[in-house]
Amino acid sequence: MVVTSIMSTEAEINEKLGDNISTNFTDAMKTAAGLRAESMVNAVARDNFSDWFAGSPNADVKGIFSDIVSSFIAIEGLRYKPTGQDGLMNRIEFEDKINVLRDGMLRGLSIIRDKKAQTFIRGEDT
């Protein structure tokens, strides 16, 4: 199976997951987490960015959405098996990874929550 996310690619997700991640976190699980993340993006922005993103988004700003969604999916992947594939990831490494991903995700959500930023993202700012 292949990860089917509107706002993020499998490569972006895997980059954020890093190494020593459980291989039991399947593509279907990544897709499900991606759907939840995209719903969260739309709800926080009170706008349907999924449809906009599936069209022809401005390449200069679409990375914001990819960062939010891939971070969310990576957090879910890390939570699946906090000790990593070989069971050797320690608590501090796990928490550091989660904190970095969460901070990036929250930063992106705060950007897209702003109506002026939404106008700019959609290219409606003149």
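Predicted model: local features only at pLDDT ≥ 70, side-chain atom pairs only at ≥ 80, totals over all residues.
**F65 first.** I looked up F65 and found a relative accessible area of 0%, so F65 goes down as buried.

**Contacts of F65.** Leaving out residues up to four places away in sequence, I get M7, V41, F49, W52, F53, I112 and I121 touching F65.

In soluble globular proteins, nonpolar side chains do tend to be buried together.

**Rings.** I counted aromatic pairs and got 6. For F49 and F65 the ring centres are 4.8 Å apart and the planes sit at 40°, so I logged the pair as tilted. This pair links distant parts of the chain, with F49 in helix α3 and F65 in helix α4, 16 residues apart. W52 and F53 also pair, edge-to-face, at 6.2 Å centre to centre and 65° between the planes. Both W52 and F53 are buried. Ring pairs join F49, W52, F53 and F65 into a cluster.

**Around F49.** F49 comes out at 0% relative accessibility, so I have it as buried. I also found R122 over the face of F49, 4.6 Å from the ring centre.

**D27.** Last stop was D27, in helix α2. Its relative accessibility is 17%, and buried means under 20%, so D27 counts as buried. From D27 to E10 I read 8.6 Å, C-alpha to C-alpha, with the two 17 residues apart in sequence.

Terms used. Residues numbered from 1 in each chain as written. Heavy atoms only, no water. Contact = heavy atoms within 4.5 Å. Helix = DSSP H or I, 4+ residues; strand = E, 2+ residues; numbered from the N terminus. Buried < 20%, exposed > 50% of the residue type's maximum accessible area, 1.4 Å probe, protein only. Phe/Tyr/Trp six-rings, centres within 6.5 Å; stacked < 30°, edge-to-face > 60°. Lys NZ or Arg CZ within 6 Å of the ring centre and 35° of its normal.
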